[in-house]
Every structure is written in structure tokens, then in C-alpha cells.
Amino acid sequence: MLSGFVAFVTLTAADPRRIYTSLPVAQGLWTVNEHPHYTRMAYNSPPMTLILLQNANLFAPQKRGICSVLVGGGKVLAIAPEGESLGLSGVPVELLDLEGARLIPGFVDCHAHITGGGGEDGASTKVPAPLLRHFTTAGVTSVVGLLGTDDVTRATAELLASSRSLRESGISAWCWTGGYHLPPKTLTGTLRGDIVHLDSVIGAGEIALSDHRSSQPTLEDLLKAAGDCHVGGLIARKAGVLHLHLGDGERGLELVRAALDTSEIPARVFHPTHINRRTILFEEALELAERGCHVDLTAFPVAENEDGFSAEQGLQRYLESGLPPERISVSSDGGGCLPVFDMDGRMTDMGVGTSASLPETLAKACELGIPLESALPAFTSNIANHLRLSGKGRVAEGCDADLLILSSKGKVDSVMAHGRWMVREGTCLEVGVT
Ligand SMILES: [Zn+2]
């Protein structure tokens, strides 16, 4: 599918240290000789090469047809439809002919346990943190990390460090502060303080509702947390969203309905996830979407005898419901454990979530007959817009060059983050710490 590079003249030195030495000291960066870890710092700087992706079948996520996409300095610099020139004559550029392969935005995964999750049957069941390649090979270029049930032995500081680690390694990362429980685990003492003072914190989550593992929050507890998110978001110009884990419990989304009925907090603040785990929960979520909430499907496996349904089925049902198509998203629960409990609340089995479920779900959604341009926003622009992740979730001039090339079978072929190739033709180029 890919014809490979046709290198004319490039601006990039092969040795990253040489690129690094050329960066101005005025930018506040170390020089090669001053810092012992210079190669790793250079590793995170955007490539200086101009790259022209030709004959891309672009879904941005809207269908754009065959286009050329020019990338440089970590950004999408220009897009030209087939037959139109970008006027690059004489400019050194790397050419890559996609030969009609589909080019889409990198996935935005709003729910991943970047420190690892689990631990619900003792410490030996804690799930290790996912590696960089678990995200990049799944096409994820932006991720929002969080703590779950175990917000006791796992800490907010660890979560922040994990998001910094992913950023240093080349992809984009943010956090939900807190965990399953209220009062929440925070770094500054309040949800509002964490959202205002900590750059990577965009809201709180995953606060658990209708689950035996929750802190059994009252309406008052929920309103206080949601109010903190809303006001923190206003002060810090962030999303200020309360990301809500929904369990299997009969109470479903009743607390969220009560919150909307009895408070002034905007519906967009309440962001329930795992809504496809039960049919009735999904129906409740549709009602909330009608009232202005953004709702999130989880791409976890669903057994045939379960009452819930898969994320692709949920997406199809949502899109057919006629509700605003921008209020739905799909996340992975990557790094989290997928536990099974008995009637006594004891864990009897567990799996491990992975971001690889996102491209699989997208491919299955297309197999169900959903056009790619209709399915794709739920994995990209919808959640980027809702969470105010500027420059993410779209392929457009000025946006970050977070790009994903799909194979003819809908698998992840190549992934670029901030203009840097992370995966090429199925091979992981940037492995991070392994
Ligand atoms: Zn959850």
C-alpha cells in the first residue's frame, strides 16, 4: 500500500543530537554538552522535516476525498484536494505516496488506566501500567489517564507522572483527578484546586456510581464534585468535566438525573461512561444525551449471554436514535482490569483492557454498515471537542499532526504523533521505556 519514502532533500539530520544542537538556547533548552540525557530530550522535539502525504483518502473525520497533506513542525500545515498544487516547488520535502489509503485523525482515548488498574482481589491482581507502544500501535495519539477502584495504593502524583512520561515519549496525555471514591483523592486537597493548578488535569473521574465498589455517594456528594469540576474548569479554561464510572447496579443513572433536576450545573459537566454494559443503562444514557450530556461507550468485550452490548452496537444504536451525533464517544478502559464478581462481591475472574479495542471497534462499526465518516467522530473529534483538547481529533490546517493510516482491512498501519512517526507499516518505531 505504501510506496515508501522518496527523499529529495531533507532538513533533518539523521542523528537526533545534531538536531538538538541546532535548537536555539534562547528557547530555554539545554545544550548537548550541558545535559546528560540530551538524546531523550531531542527525542521529544518535533521533526524538522517537511513531510508530504500524497494520495491520502482523507477522513478528517469528515470525508474529504483524495488529498495531499503537508506536515511540518509537528503540525498539519496545509491540505490540498487532488489536482491542486501546494506550491512547494523548490522546497525540500519528504514525499510519501499513500496510494489511496485512508488517513484519519489519531484516536483520542478518554479513559485509560495509564498507571495500571485492578487490584480488586489483592495486590497480586494489580495490573501493570501500559507501555507507550500499547497506545501507539492502537492508533491512540491522545489519552486521558485515571485511577479506578484502587485510589489507595495508587496516587494522583503517580498519575501525573505517568501522563508526563507519555508526553515526553511523544504522544499527548491528560488526567482525570480523583478515582472511584468521594471524598476524592487529590493532590492539592480539592478537585477544584487540582483542575486549576495542575496543567494536565482537565476534570475529575472516574467517580463510581451504582457499583458495589463505589463510596455510595449521595446526591449532595455528587453535586459538590460536579460543582467543583464546573468552577475549576471555568477558572482554568478547561473542560471541567466529571467523568462517571457506571456499574451494574439497579440505580443506574438516577443520581445524575436528580442532579440535573435539582441544580444549576450544566448537563455537559456530567460524563457517564460504560453505558453499554446494560441495556437499561444505555436507554437511560440516551435520555441524558437528549438533556445535553455527552455519553461514553466502553470498547470492552461482551459475552453473548450478557445484558449489555458491544461498543460498535452501542454506537450504531446511538447514531440511529437521532440524538446529536457529537454527544457520543468510545473509550478503551486500557490498562484497567475487567473483573467478574459473584453475588457476594468477590472477584471470580478478570481480564485486562487495552486500547487495541478502539481500532477493532471502529472496524466492526464499519462492518455493521456505519460509514467511516459517521463512526469516526466518536473516536476523535467528539471527545476532543467535549474535553477542549485544542488541536486534537481532527486533520485540519493548524492542528497537531496526529495521524493514523489504516490498512485496506481497517487495521492500524502507520501512526504519527506531533509529526513524528511512532508506527510505520505495523512496526513500532518509538518504543519508550520497555
Ligand atoms: Zn470504570
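**View 1. Largest nonpolar core of the predicted model.** This core holds 105 residues, and those that touch the most other members are V69, L103, V144 and L242. Residues come to the core from both domain 1 (5-104 + 394-428) and domain 2 (106-386), so the core lies between the two domains.

**View 2. Surroundings of L103, a residue of the largest nonpolar core.** Residues up to four places away in sequence are not counted here. Among the residues that L103 touches are L53, A56, N57, L58, V69 and L98. L103 also touches V395, L403 and I405.

**View 3. Buried and exposed residues of helix α7 (residues 254-262).** V256, A259 and L260 are the buried residues of this helix. They lie on the same side of α7, because the arc they cover around the axis is only 95°. An α-helix has 3.6 residues a turn, so residues three or four places apart point the same way. D261 and T262, on the other side of α7, are exposed. The elements against which the buried residues of α7 pack are two helices, α6 (219-236) and α8 (279-290), and two strands, β11 (241-246) and β12 (270-273).

**View 4. V269 in the loop between α7 and β12.** V269 counts as buried because it has 25 C-beta neighbours inside 10 Å, where 20 or more are required. Apart from neighbours within four places in sequence, the contacts of V269 are A226, C229, H230, G240, V241 and L242. L242 is also one of the residues that touch the most other members of the largest nonpolar core. Between V269 and H243 the C-alpha to C-alpha distance is 8.2 Å, with the two residues 26 residues apart in sequence.

How values were computed:
Residues numbered from 1 in each chain as written. Predicted model: local features only at pLDDT ≥ 70, side-chain atom pairs only at ≥ 80, totals over all residues. Buried ≥ 20, exposed ≤ 12 C-beta atoms within 10 Å, placed from the backbone. Helix = DSSP H or I, 4+ residues; strand = E, 2+ residues; numbered from the N terminus. Arc of directions from axis to C-beta. Contact = placed C-beta atoms within 7 Å. Core = buried A, V, L, I, M, F, W, Y, C linked by C-beta atoms within 7 Å. Domains from an automatic or database assignment.
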